[in-house]
Amino acid sequence: MTTSTSKSAEGGAPIRIVASSGDVEAPFLEKAESFIRSRTGNEPDWLQRARSKGLEAFRRSGFPHRRVEEWKYTDLRTHISKSDASSSSAGHATQIESSAFDAITLTFVDGAFDRAASSDLTSLSGVEVVMLEDDLGALVERQKHLLCAIDNPVTSLSINGLNLAQARSGAIIRVLPGEALSKPIHIRSVHTGAEISPARHVVVLESGARATLLETNTGDGVKEPALIGQSLQIHLEPNAELSHHRSVGLPDACTLLSGVAAHLEAEAHYAGTTLNLGAALLRQDTHIAFQGEGAIADLTGAYLLNGNQHCDQTIFIDHAVPNCESSQVFKGVLTDRSRGVFQGKVLVAQDAQHTDAHQLSNALLLSERAELDAKPELEIYADDVKCSHGSTAGELDEDALFYLRARGIPLAVAKTLLIEAFVREPIESIKEEAIRNIFMQQVSEWLQNAEVRT
Amino acid sequence: MLQIKDLRVDVDGKEILTGLSLDVKAGEVHAVMGPNGSGKSTLSYVLSGRDGYDVTGGSITYKGDSLVDLDPEDRAAQGIFLAFQYPLEIPGVGSMTFMRTALNAQRKARGENELDAASFMKLIRAKAKELNIDAEMLKRPLNVGFSGGEKKRNEVLQMALLEPTLAILDETDSGLDIDALKLVADGVNALRSPDRAMIVITHYQRLLNYIVPDYVHVLAGGKIVKSGDKSLALELEKSGYDAIVAEAA
Amino acid sequence: MPAVDETISEVKGLGEKYKYGFETQILSEKAPKGLDEDTIRFISAKKGEPDWMLDWRLDAYRRWLEMTEPKWAMVNYPEIDFQDAYYYAAPKSPEDAPQSLDEVDPELLKTYEKLGIPLKEQEMLAGVRNVAVDAVFDSVSVVTTFKEKLAEAGVIFCPISEAVHTHPELVKKYLGSVVPVTDNFYATLNSAVFSDGSFVYIPEGVRCPMELSTYFRINEQNTGQFERTLIIAEKGSYVSYLEGCTAPMRDENQLHAAVVELVALDDAEIKYSTVQNWYPGDAEGKGGIYNFVTKRGDCRGPNSKISWTQVETGSAVTWKYPSCILRGDNSVGEFYSIAITNNYQQADTGTKMVHLGKNTKSRIISKGISAGKAQNTYRGLVSIHPKAKAARNYTQCDSLLIGDKCGAHTVPYIESRDPSALVEHEATTSKLSEEQLFYCRQRGIGEEEAVTLLVNGFCKEVLQHLPMEFAVEAQKLVGISLEGSVG
């Protein structure tokens with residue numbers, strides 16, 4: 001993680017920030033310290049050591065702020081220091097119940113695993129699931145390594161460190177070689193109060209394994225400002241395939257920091273979709289690291305925001321090896337005073353010939369006070385590559401709107417139709433019909449509630 | 001003019017031409033026919049000197065000298081012209097600029113005077129007129145937005161301009177409807193001359209109705225398996241490659 | 001070369017009453033190495049500046065002391081010791097200058113030849129002793145005619161050091177009004193120590209009768225390493241200004257930090273074209289100019305327009321973002337750029353389009369070409385403020401890589417705070433097509449010429465925005481800059 005000084009181009013002297021933990025960080029440090037102590041003797045030494053290291057990283061740099069280039073548009077430190085989150089009433093998402101489809105359900109309530117509300121972990125086939133608070137004796141090296149890894153180029157080291165230091169629970173999942181899971185795994189995070197502990201998940205798909213992972217975040221009960229931290233480390237062995245879908249619909253008391261890092265070996269395929277219907281502040285970091293040739297990563301996402309919501313999608317795709325493909329398609333709908341941030345960086349190393357990397361970010365600004373910030377970035381050191389990015393920001397197409405109205409469709413309906421069409425593309429890329437339908441349903445409900453009618 | 005003897009060519013480490021021999025004299029038109037993957041395009045690229053086509057055995061002698069070590073532009077200056085199967089689109093580079101640069105580079109290489117802009121314009125207009133090519137087409141960037149037919153006619157125009165001694169036509173018929181094909185063939189026929197040899201590479205007999213060859217060769221498995229006159233093409237059309245190849249084997 | 005300087009200042013003085021003869025006679029001295037307040041007083045005194053100008057410089061210097069060098073650009077170079085440089089260097093003595101072209105680096109001469117630069121002019125550019133401007137132009141009459149024509153139109157075009165005396169009210173009003181003294185480290189340094197540069201004032205309703213260029217090609221070499229340019233286009237006026245030279249110039253100074261400020265008032269238009277071809281260092285990356293430039297235009301009045309066109313092929317390190325502040329309603333900003341880096345060159349360049357007014361429009365076309373072991377970065381900001389109703393931006397950034405040891409990077413920042421604005425950004429990165437290269441070669445075009453042809457094709461959209469006379473030379477320059485990049 002580089003903590004470069006943020007500047008878009010010339011102008012203004014860089015201001016040196018003394019990166020020490022001040023008042024904002026103090027309560028977090030205290031809590032984490034006592035938590036680590038409480039776990040002594042209850043978990044392996046390697047985990048204790050890693051937690052302490054994580055805490056040190058957080059102590060060194062604290063919460064990132066806008067002078068850190070990767071956090072230029074999301075000043076987390078200021079947000080947390082002012083954390084009397086707004087009282088706007090937005091953020092009601094359809095509750096996704098696993099009963100809507102057959103799944104291996106893992107329920108976490110305020111960050112703690114709820115065994116009673118989850119599937120029976122002892123009767124699974126093709127997959128092993130261990131909880132962070134359980135006996136970790138059976139973990140393989142790779143799982144241990146992922147669990148403890150905090151240096152991810154997107155998520156700030158300090159945040160990742162804090163997550164590791166404080167994580168109370170988390171699912172450590174291993175899909176066995178060649179297994180194709182017939183049911184999706186559903187990590188269901190339900191939040192009820194202000195005291196929420198971070199969760200840390202690890203998913204490894206061994207050679208040729210296939211699985212679908214659904215992550216949902218809901219928390220209608222949360223009234224007090226709450227900081228939710230989630231980390232997910234993914235490793236796909238050769239030829240493994242993971243469909244990974246995330247949906248977030250949290251009330252405005254919540255701040256969610258979610259980091260996903262996926263390591264792809266040869267011919268592996270990662271398909272990730274996100275649907276973000278808010279939180280006061282939502283930062284979603286996605287890091288894709290290509291480690292073997294012929295791998296593919298397709299990332300798509302939609303965010304629909306209202307009130308004062310702030311949603312930041314930050315993506316880093318590291319093409320370190322040749323012959324891999326990546327694509328990003330993100331669509332944003334911004335109303336009220338919401339702010340959308342899209343930062344997508346593609347790095348192509350000198351050896352990574354025949355890389356195919358494409359990136360698209362489109363945003364609709366539907367209010368005078370909404371804001372979009374985009375930074376689609378290409379850093380390319382190999383010559384035989386095809387890389388592109390495109391970014392647009394604007395309002396609904398006047399001509400299309402007129403066309404619909406000329407056919408007798410009322411303005412509000414016409415707008416809703418066009419917005420729905422606009423965000424449909426990323427969601428339609430979801431292969432699993434049940435999940436796709438639920439996501440689409442969530443979008444429809446959001447549109448019905450939102451004040452897109454003028 | 002051109003003698004190819006027992007030519008072996010590797011592409012990406014795989015042997016594509018496996019001992020091809022062909023003798024072409026001035027004024028002759030040779031058709032090389034073959035199924036997909038027989039090595040037709042490899043032959044055209046190795047003759048024109050494209051990188052990545054490694055000669056591992058045999059020889060190519062052109063006007064008495066070996067071609068093998070020459071760069072593409074040197075071969076072009078010596079009169080070798082390849083009409084591409086898929087002529088490249090080059091946005092930003094005007095057709096006129098391109099042709100003038102090419103002509104003058106070749107003239108310079110041969111120790112001839114370069115043409116100034118006015119003489120070149122005169123020349124290209126005349127050539128375009130002979131071939132019934134709309135001069136408007138030449139104002140556009142090279143091949144950009146050209147139809148398949150226009151691209152192929154532009155290749156013929158370049159051939160007319162550069163006046164090669166050996167022209168290689170690589171699947172010139174691909175992607176053309178019958179009218180476009182006739183136009184292109186007329187252009188090519190107008191360029192037939194006793195000093196000029198042509199190698200017409202094609203998959204289908206159809207083209208040879210319009211560009212009538214003196215000799216027809218069947219290429220299969222990287223070598224010529226059968227040669228004959230134009231009737232061989234008709235025979236191929238009737239009984240297909242499999243039968244001819246099997247018979248030859 | 002006092003003779004040269006004399007001639008130049010005489011020529012410059014034509015048409016203007018040149019009452020402050022402070023320039024040439026005392027040039028034999030130079031300030032001691034290093035930078036402190038005394039250096040600045042020395043520079044100011046040498047120029048016979050009024051107190052307000054000295055105070056302005058000193059203020060800048062004091063602020064500069066508090067600042068640190070920016071580090072965010074994707075360029076690497078050894079730490080610069082700002083105390084190990086001369087800030088007021090007199091021209092080299094005639095004994096040091098080459099006696100004839102025979103003594104000039106043959107590589108430099110080859111380049112001149114390829115660009116088709118006349119012999120006399122070559123001598124001038126190479127700094128050969130005793131070549132005067134009038135010799136280059138055959139007679140002083142060209143310059144005189146030029147000056148007369150401008151004077152007739154009421155256009156003021158003179159060294160900024162002269163404008164400080166002749167038009168203090170204009171300089172006071174506009175200097176630092178676009179690029180504030182403390183804008184950035186290098187701009188502040190420039191404000192403290194700027195050597196010279198151009199001052200252009202186009203009166204209301206005047207269309208400047210000529211490109212401000214021809215004359216400049218020769219004279220500009222003495223503006224020094226801390227160039228300062230100020231162009232003011234009054235209501236309804238138009239000017240096209242051409243800076244730089246396609247021919248590489250001899251230059252002993254490694255650090256260049258120029259500031260250019262443009263002000264376009266209501267309905268005015270400024271077109272600013274640059275060809276930057278400073279010494280890029282040798283093929284091993286030794287030497288070369290560090291070029292840290294701050295260029296900014298302020299579309300201050302409604303319906304004004306500022307258009308930047310740049311061809312950047314020189315310098316070891318380039319750090320440059322010609323920008324537009326689109327303040328006036330309906331104002332237009334344009335940025336057309338070609339940046340070519342070869343060998344070990346590094347360029348971090350782009351633009352900022354800041355949309356403040358209604359219906360403001362901006363267009364960015366950037367073509368980056370990277371070869372050898374070079375690094376080429378486009379960095380740009382498009383910012384739409386809440387009051388910029390119906391603002392439009394279109395950005396296209398294309399990068400071309402030649403060889404597998406170089407890098408091409410695109411770092412756009414897009415900030416939109418108005419729903420009626422439309423911001424579009426597209427970027428591509430690809431390599432020089434082997435198929436296209438082969439196609440050209442099959443037609444008999446040699447490899448280097450084919451590369452030139454293809455790269456010029458890639459750049460066409462930008463080249464066509466250069467003034468005619470320059471476009472031809474710039475095209476040749478593209479080829480020369482890429483020599484040795486293939487094969």
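**Close-up views of a predicted model**

**View 1. Helix 3 meets helix 5 in chain B.** Here B:Met99, B:Ala102, B:Leu103 and B:Gln106 of helix 3 touch B:Gln158, B:Leu161 and B:Leu162 of helix 5 (contact: C-beta atoms, placed from the backbone, within 7 Å; helices: DSSP runs of H or I, at least four residues, numbered from the N terminus). Five of these residues are nonpolar, two polar and none charged (nonpolar: Ala, Val, Leu, Ile, Met, Phe, Trp, Tyr, Cys and Pro; charged: Asp, Glu, Lys and Arg; polar: the others, Gly among them). The axes of helix 3 (residues 95-109) and helix 5 (residues 148-162) of chain B come within 10 Å and cross at roughly 30° (lines fitted to C-alpha atoms over the stretch in contact; angles from 0 to 180 degrees between N-to-C directions). The two helices of chain B are therefore roughly parallel (under 35 degrees; roughly antiparallel is over 145).

The model is predicted: local features need pLDDT of at least 70 and side-chain atom pairs 80 or more, while totals for chains, interfaces and linings use all residues. Residues are numbered from 1 along each chain as its sequence is written, and chains are lettered from A and ligands numbered from 1 in the order written.

**View 2. Helix 7 crosses helix 8 in chain A.** The axes of helix 7 (residues 411-428) and helix 8 (residues 433-449) of chain A come within 10 Å and cross at roughly 155°, which makes this pair roughly antiparallel. Among the residues in contact are A:Ile419 and A:Val423 of helix 7, with A:Phe439 and A:Val443 of helix 8.

**View 3. Chain C touches chain B.** Look for 16 residues of chain C in contact with 21 of chain B. Helix 12 (434-442) and helix 13 (447-463) of chain C each supply at least two residues of the chain C side.

Terms used:
Parallel < 35°, antiparallel > 145°, perpendicular 65-115°, else oblique. Contact = placed C-beta atoms within 7 Å.
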